[in-house]
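Look at the structure first, then read on.

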Amino acid sequence: MQIIPQIETPVSKNYSVFEENLIKLLNAIKNNTQNNTGTYNSLPQIIIEQNFGFNALLLCRDLKEKHKIKTAYAFNMRDKNRISLLSDLITLKQIGLKDIIVFEGVHPLKTEFKSAKPVYDIDILGLGLMLKRGLMNDIQADLFNFGAVIGSSAPVDFLKAKKLIDIGADSFFINYGGVNPDESMIKYIKSKNKKLFLNVKELSIKGSLNDFIKSIDNFGFDGVIIKITDENLNVFTRK
Amino acid sequence: MFLTEKKDIQEIDEALKKYKKIGVVGCASCASVCLTGGSREVKEMKKHLEASGKEVTFTISIDEPCDKRVLKEDIRFVEDELKETEAVVVLSCGTGVQTIGEFTQKKVISGTDSKYIAQTEHIGEYYALCGGCDVCRLNFTGGVCTVTLCPKGLLNGPCEGHNGNNCEVFEDKECVFVKSYEMLKKYSEEDNLNKIFEPRDYGHSAARTKI
């Protein structure tokens with residue numbers, strides 16, 4: 001099971017310093033066998049998330065081209081209408097990034113930008129439909145590996161996962177909120193030969209990372225995404 | 001009912017600054033129900049304007065000022081006074097304000113803020129259930145509108161942030177997709193649970209509201 005760090009591009013840090021620190025972090029993770037980090041060539045080594053900070057596409061490009069790091073781009077449906085999304089997708093195509101991870105996104109009322117207009121022009125299913133069909137000649141059908149972030153705490157989450165499978169989503173990222181996910185949902189997604197990951201915020205990990213990984217080892221996940229908030233001080237660097 | 005709230009009186013006074021002869025129009029329909037434009041509010045506005053040194057040329061409550069047919073009939077009662085009037089304070093939703101402005105060709109000042117299409121629990125307690133969002137999907141969602149009731153307006157299932165039952169944003173409220181699921185089960189319409197909605201067509205709704 002591969003462990004993949006995910007981090008948002010920061011608001012006020014220097015771009016180059018942040019980039020350098022990420023490289024150090026990835027090397028530390030690679031060299032730390034205790035972290036159970038095997039590397040599967042097909043999976044990304046890091047996920048860069050666009051939220052409030054500087055443009056994550058720029059960083060994705062630099063990690064890929066300058067440092068040869070397999071990078072995935074994570075973004076939400078909260079901030080972009082379909083014109084802005086198209087622009088991002090064209091940029092991703094231009095820089096050759098194929099792995100995208102999409103989530104609906106935290107509502108502005110739950111952020112520091114309470115007066116921002118929540119866009120949610122289309123939901124992740126809608127985006128999946130468009131991507132699998134192709135978009136305006138610029139984005140050919142099935143150009144991206146489409147990863148969807150979902151919940152797993154209610155029957156309606158299972159239904160959403162089924163719909164996402166129907167439209168051809170490639171991988172699933174189950175949000176971990178302190179309770180182990182629904183096993184029937186895991187079995188269903190795996191039975192459809194889809195990649196399955198657990199999405200964990202580092203603050204949800206109460207003990208050591210190793211103990212946490214052991215506790216979920218039997219679920220059959222292909223990987224665990226650990227969302228960290230600081231590239232220097234985090235669950236990977238904690239002694 | 002379309003919910004309105006009273007505007008800050010200072011904004012109205014500011015908008016009326018250069019006008020002396022003022023008419024006041026209320027709405028005996030929606031704005032009356034939510035106590036922003038009924039006959040009592042019209043009287044209060046008249047009193048305020050007179051206390052501010054304005055001359056109130058007429059007051060009238062129109063059943064539905066948003067309906068040109070009704071407006072045309074009712075406005076005849078103040079036809080002469082309207083000729084002398086410089087500006088009209090309208091205590092109705094934005095549709096009423098604009099309809100009166102267009103019809104009378106007078107300067108109109110809105111006395112309310114327009115909110116949303118509301119269900120009335122009782123006077124003072126209202127809920128938004130319908131966003132008038134063009135294509136109604138209620139027949140497929142168990143009769144609950146996910147576009148209006150989900151703070152994210154999602155179509156195809158819950159966001160990743162709910163806690164199993166309650167909404168991520170309004171934590172004391174049930175997630176609308178959980179409610180929709182329960183209703184579809186109740187009416188044995190489980191097939192609709194698998195329905196995939198295409199992204200909303202905003203081009204369609206823009207064409208509908210084109211002026």
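This is a predicted model: local features need pLDDT of at least 70, side-chain atom pairs count only at pLDDT 80 or more; totals for chains, interfaces and linings use all residues.

Q: Is A:Val11 buried or exposed?
A: A:Val11 sits in the loop between strand E1 (2–8) and helix H1 (15–31) of chain A. Helices (H or I, at least four residues) and strands (E, at least two) are DSSP runs, numbered from the N terminus. Buried means under 20% relative accessible area, exposed over 50%, and partly exposed in between (1.4 Å probe, protein chains only). The relative accessibility of A:Val11 is 64%, so A:Val11 is exposed.

Q: How many salt bridges does a search of the whole structure find?
A: Side chains of opposite charge can pair when their charged atoms come close. The rule for a salt bridge is a side-chain nitrogen of Lys or Arg within 4 Å of a carboxyl oxygen of Asp or Glu. Over all chains, the count is 29.

Q: How many residues apart are A:Lys13 and A:Asp230?
A: Their side chains meet in a salt bridge, 3.4 Å from N to O. A:Lys13 is in the loop between E1 and H1 of chain A, and A:Asp230 is in the segment after strand E8 (223–228), so the pair links distant parts of the chain, 217 residues apart.

Q: Is A:Glu19 buried or exposed?
A: A:Glu19 forms a salt bridge with A:Lys66 (3.0 Å, N to O). A:Glu19 lies in helix H1 and A:Lys66 in the loop between helix H2 (56–65) and strand E3 (71–76) of chain A, so the pair ties together parts 47 residues apart in sequence. A:Lys66 is exposed at 53% relative accessibility. A:Glu19 has a relative accessible area of 4%, so A:Glu19 is buried.

Q: Is A:Lys160 buried or exposed?
A: A:Lys160 meets A:Glu104 in a salt bridge (2.8 Å, N to O). A:Glu104 has 0% relative accessibility, so A:Glu104 is buried. At 2% relative accessibility, A:Lys160 is buried.

Q: What area is buried between chain B and chain A?
A: The contact (heavy atoms within 4.5 Å) takes 28 residues from chain B and 31 residues from chain A. Buried area is the accessible area (1.4 Å probe) that two parts lose on being put together, summed over both. Carbon and sulfur atoms give 59% of a total of about 2400 Å².

Q: Which residue forms a salt bridge with A:Arg133?
A: The rule finds two salt bridges across the interface of chain B and chain A. In the A:Arg133 pair, the closest N and O atoms are 2.5 Å apart, and the partner is B:Glu198.

Key. Residues are numbered from 1 along each chain as its sequence is written. Chains are lettered from A and ligands numbered from 1 in the order in which they are written. Side-chain values use heavy atoms; hydrogens and water are left out.
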